[in-house]
Protein chains: 2
Amino acid sequence: MSYGFMGQLLRVDLTNHTITVEEINQTWAKQYLGGTGLATKYFYEEVPSGIDPLGPENKLIFMTGPLTGTASASASRYSVVAKSPQTNLWGQANSGGSFGPVLKKSGYDGIIFEGVSPTPVALQIIDGKAELLDASHLWGKTVPDTEDALQDSISQKLTVAAIGQAGENLVTYAAIMNNKHRAAGRCGLGAVMGSKKLKAIACVGSQPVQLADKKGFHDAATKQFDLIDESMLKVGFDAFGTNMVADFVHVRGGYPTMNWQQGVFDGIDDVNAQAIMDTVFVEGTRCFACPITCGRGTEIKEGKWKGDKGEGPEYESTNTLGSMCGVSDINAITKSNYLCNEYGLDTISTGATIAFAMECFEKGIITKEQTDGLEITFGDGDMVVALVKKIAIREGIGDLLAKGTKAVAEKLGQGSEKFAMHVKGLELPAYDSRAAKITGLGYVTANRGGDHMTGYIQGPTFMDIPFLIVDDSSIRDPFQANPEEAHVLVDMENALTVLDAFGGCKFMGMLLPADELLDLYVKATGWSTTVEDFRKAGERIYNLTRAACVREGASREDDVLPERLMAQPIPGGPAEGMVNDPEMLELMKDAYYDFRGWDSATGIPTQEKLRELDLEDLIPDLWG
Amino acid sequence: MSYGFMGQLLRVDLTNHTITVEEINQTWAKQYLGGTGLATKYFYEEVPSGIDPLGPENKLIFMTGPLTGTASASASRYSVVAKSPQTNLWGQANSGGSFGPVLKKSGYDGIIFEGVSPTPVALQIIDGKAELLDASHLWGKTVPDTEDALQDSISQKLTVAAIGQAGENLVTYAAIMNNKHRAAGRCGLGAVMGSKKLKAIACVGSQPVQLADKKGFHDAATKQFDLIDESMLKVGFDAFGTNMVADFVHVRGGYPTMNWQQGVFDGIDDVNAQAIMDTVFVEGTRCFACPITCGRGTEIKEGKWKGDKGEGPEYESTNTLGSMCGVSDINAITKSNYLCNEYGLDTISTGATIAFAMECFEKGIITKEQTDGLEITFGDGDMVVALVKKIAIREGIGDLLAKGTKAVAEKLGQGSEKFAMHVKGLELPAYDSRAAKITGLGYVTANRGGDHMTGYIQGPTFMDIPFLIVDDSSIRDPFQANPEEAHVLVDMENALTVLDAFGGCKFMGMLLPADELLDLYVKATGWSTTVEDFRKAGERIYNLTRAACVREGASREDDVLPERLMAQPIPGGPAEGMVNDPEMLELMKDAYYDFRGWDSATGIPTQEKLRELDLEDLIPDLWG
């Protein structure tokens, strides 16, 4: 081998500080494509169920895809897979920027970290040569300080992924950051990295990715780049960034506000895309080889944080650190976002957990005694900023909140579970599923927990897509639940799983049809395949991730929404009175499992489906 | 009656100068919804086949829809139906602005013009009171001069639809203009109006449209307005107008250039949306009750036409008066567009016919003798400006070109038919179907001829829509032909037919799902109906328009593309080598007729289908 792949992995034993190079498993690479898919296969084979996510038996697997590091547009991503300390199930996060491409070009498709280092370390890879460095002097540093220190002491050419204090301190929703501002944010994989005493990975990569059909690939990639470069998505995202979505969601009454107590926010005009353009925006930023500048290079231009610079906030961060906490002060939101990036925290879970704490405080479930006298009230942007730091360094109430919404609710009790806004332990993102029912189905079927990127079904439902009016088989109304729509979610989950495996951005996946992606894949790898094989691979990976969760004990009964969404209608605004009716959710799940070929009673992939997907070796694990 | 409708029509006998008021046919209004649908029913019942489109037997039917003139967002349109002098078949055109709403609020859902006036007249309607005015003094005036003269002499409150010199002079592709800059452009209905010596319709309307559920309608309309107001489409169109599409189409290599001899244009950066923003743009403009400012208020800011003002050019006009003629001078394109609006010419057919003439000149088929010595060469923007005027006043070569591409080719011969870019006599718009095959199917199945607004299938194919990757049943690649995709075109034709019947803009139809449109319709009319009935109505209307064409002799063999598209591959650019393979087109037609329930051999709706759609009374006409 190997075209499209570098052909080898690094296996880093942190306990013993040994590094070995091994060939990538070609059979698996073909079956699971790369990225999340391939990482999950290694994870499934090598990590037994029942282990402690923060113990030495967990493995932290970084993996790039066959398109990562090539000239393919919008394919800059790397994935990380490990058991999640938030969900205690299979966990996954991925990120753009340039770290993925540089890691791959350093000579390795991925890295499997095993064990726990006795002392803080960093992995350095300079064009094939990998070594573990002592990182004791970096421990306690923020993400940007870590990156700067590594570059200053070794080489400015280093591209760095690192954790901040949050990961070191095992905040369950700590993120792995790269290029300072980019996050593999969800599932608390920064805490896994911290538990292993792995502070950073720093790479120099100048080895080209070998392509089976170099000329053909270049032509196809150029064409795809041009297509994305001339798209409505680019027009909108270049101008407004991902926060363009804020108005779209808000106008439908599904913009989570004050811990999902409301779906509209009085301060929307202070926090929407235009508000960011008018205040903190400096310049659009982009990932490696992407024509869309959806990132927001920003600077706080007034007040106490004047002069602070960074990237974001993106849409999710603006909502969760903003209106979800009742905050409309864009400078405070931006500062909270900067701090999350610096400490290495997932902005969604951070903001959501703070919002949950605010409601607990409002209801007297958290008292001033627990907060050292602080008033944790909705609308106080300075308080959000303060709490982000307390969480990262586990100070005062921050030590409790660092456990995440689910664990905090379990500890506090007193009915707080009813408004603990998570699915399977992962805090929900910024789309109220009561206002767009199929989004709720997406939240419960996403294998990494309450997630919007697995199926991205909130996109078509919240954003209006022409097919809404033309698909006779499924007359869609985003405000109504319709079990027949479940097949759309299944299709989207499978399709987007392929993108995670390729190293592709999901926005790119909205623009390129399957056969154009296939064309890039075939020309990169030289492996002949069909669009049908390709979809089957997406379905195979999705079933494998489900199996990884089932093996940990997950089943249909875990595929549930927070009680608030099922029992408390949205009290006002355009979605007033709407709720995720539990009976309808069960009907939609029936339809979903049916489309998936999963057992309806348990939500476990049937033996027939497993055989169809060449996953018969999972049968003993799931049906033992 | 009647909610949603004013309940009455004006019938104007131009031969005898009598005006009668009649009740609208309620049964027909329910079956054909309004607008194009209802107008077509009157047309079918009242206008026999075989008549001269420019003779007294043709009728010119203006009709608004049940949503026209209400607070419903983006529902400002009126339709005009008559036999077309371009296609000699059923013809239809519609337009936004404020004329439709004002006509309706003047007290009438529509007007049926019959016969031919001995002398030029204008119809004036002031809140229910209709009279024919002598318009001899207006004959020979441009559209804006006509509007100004009527307003100056009668009332500034008048809203006007009028023809310019092109309609008077029976240019076969003359348009009916309203609000000076808006065109019911296609099918040459301005020539029909001119043939009747009807110069203008001028209305004052202040009567409200009665609504069955006023409060409910207001709430629903407000909600829909808000949804459209917060949409990706608005983001793009507010910023760039319809010409945003230019880059999207060009990057796919399907931007018609020099009479479709090429699919890419060297001067694209001088004529795309950004170029218009940087040069002639002044301000965005909008239609009645629409939140999207997709119109471009413009002014020529330099050169010989400095200070000239107007609206546009829109996307189609920019291409047809620009790159289709090889012209990249945005000021010349803008001036040509202004002149088309002033003389009342359809910009698509005008530009396309000039482009055709330029290729004929290039090939020596049109000679300097025919042009009075003019060099009609590609790239000469001043020449396009000059020819627009010559066509409108039928001067020199303009007298020939005024007949339209098909007739010119028939007259010239010498192989020019092979590159005469029309379907059924209607010049093709600005999307090269060789680069997006299903667009070619849409061109041949559109009942008004080579049209892009009937099925709008070039939208999803040229602009990338997320469903491309998720619809398992029909894996779409816009560059490949796939008969299975034909059902998508059928669905879109039916759905957009409903919009034409409602008075809705097709952009709105991309944003609102069927049941939200239904909700507006039910609350406006009080007529209970279902989404299924609604789709059936769209299909019924589509079949009726087909029947109107079949009755004139049209059949499957008329559903063909110009020879250039089927025999000459695009010679360069991203779509190099692509062609509308004639065999594949026939396979796609097979699939289309099959999905439609039409007889495959003839393309005529089967008796079974006609019965299913309550159109059994058409059986004797079609199957006699």
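Helices (H or I, at least four residues) and strands (E, at least two) are DSSP runs, numbered from the N terminus. The views below are taken from a predicted model.

**View 1. The loop around Leu170(A).** Leu170(A) sits in the loop that runs between helix α5 (165-168) and strand β10 (176-178) of chain A. Leu170(A) is not a glycine, yet its phi is positive, at about 60 degrees. Most residues other than glycine have a negative phi.

**View 2. The hairpin of β7(A) and β8(A).** Strand β7 (residues 121-126) and strand β8 (residues 129-134) of chain A are antiparallel and pair over six bridges. One of the pairings is that of Ile125(A), whose bridge partner in β8(A) is Ala130(A).

View 3. Pro313(A) belongs to the loop between β15 (309-311) and α12 (315-320) of chain A. Most peptide bonds are trans.

**View 4. Domain 1 of chain A against domain 3 of chain A.** Three domains divide chain A: domain 1 (8-204), domain 2 (234-426) and domain 3 (433-623). Taken over C-alpha atoms, the centres of domain 1 and domain 3 of chain A are 27 Å apart. Domain 1 of chain A brings 40 residues to the contact, and domain 3 of chain A brings 34 residues. The size of an interface is often given as the accessible area lost when the parts come together. Here about 3,100 Å² is buried between domain 1 and domain 3 of chain A, and carbon and sulfur atoms give 64% of that area. Of the area that domain 1 of chain A buries against domain 3 of chain A, 25% comes from Leu33(A), Tyr44(A) and Trp90(A), more than from any other three residues.

**View 5. Polar links between domain 1 and domain 3 of chain A.** Two salt bridges are counted between domain 1 and domain 3 of chain A. A salt bridge joins the side chains of Lys83(A) and Glu552(A), with an N to O distance of 2.9 Å. The count of residue pairs in polar contact between domain 1 and domain 3 of chain A is 15. On the side of domain 1 of chain A that touches domain 3 of chain A, at least two residues each come from α1 (26-32), α2 (35-46), β4 (78-83) and β5 (90-95) of chain A. α2(A) gives the most to that side, with eight residues. The residues of this side of domain 1 of chain A are 15 nonpolar, 19 polar and six charged.

Notes:
Residues are numbered from 1 along each chain as its sequence is written. Chains are lettered from A and ligands numbered from 1 in the order in which they are written. This is a predicted model: local features need pLDDT of at least 70, side-chain atom pairs count only at pLDDT 80 or more; totals for chains, interfaces and linings use all residues. Side-chain values use heavy atoms; hydrogens and water are left out. Domain bounds come from an automatic or database domain assignment. Contact means heavy atoms within 4.5 Å. Buried area is the accessible area (1.4 Å probe) that two parts lose on being put together, summed over both. A salt bridge is a side-chain nitrogen of Lys or Arg within 4 Å of a carboxyl oxygen of Asp or Glu. A polar contact is a pair of N or O atoms within 3.5 Å; within protein, one must be able to donate a hydrogen and the other to accept it, and residues adjacent in sequence count only if both atoms are side-chain atoms. Ala, Val, Leu, Ile, Met, Phe, Trp, Tyr, Cys and Pro count as nonpolar, Asp, Glu, Lys and Arg as charged, and the others, Gly among them, as polar. Two strands pair if DSSP finds at least two bridges between them.
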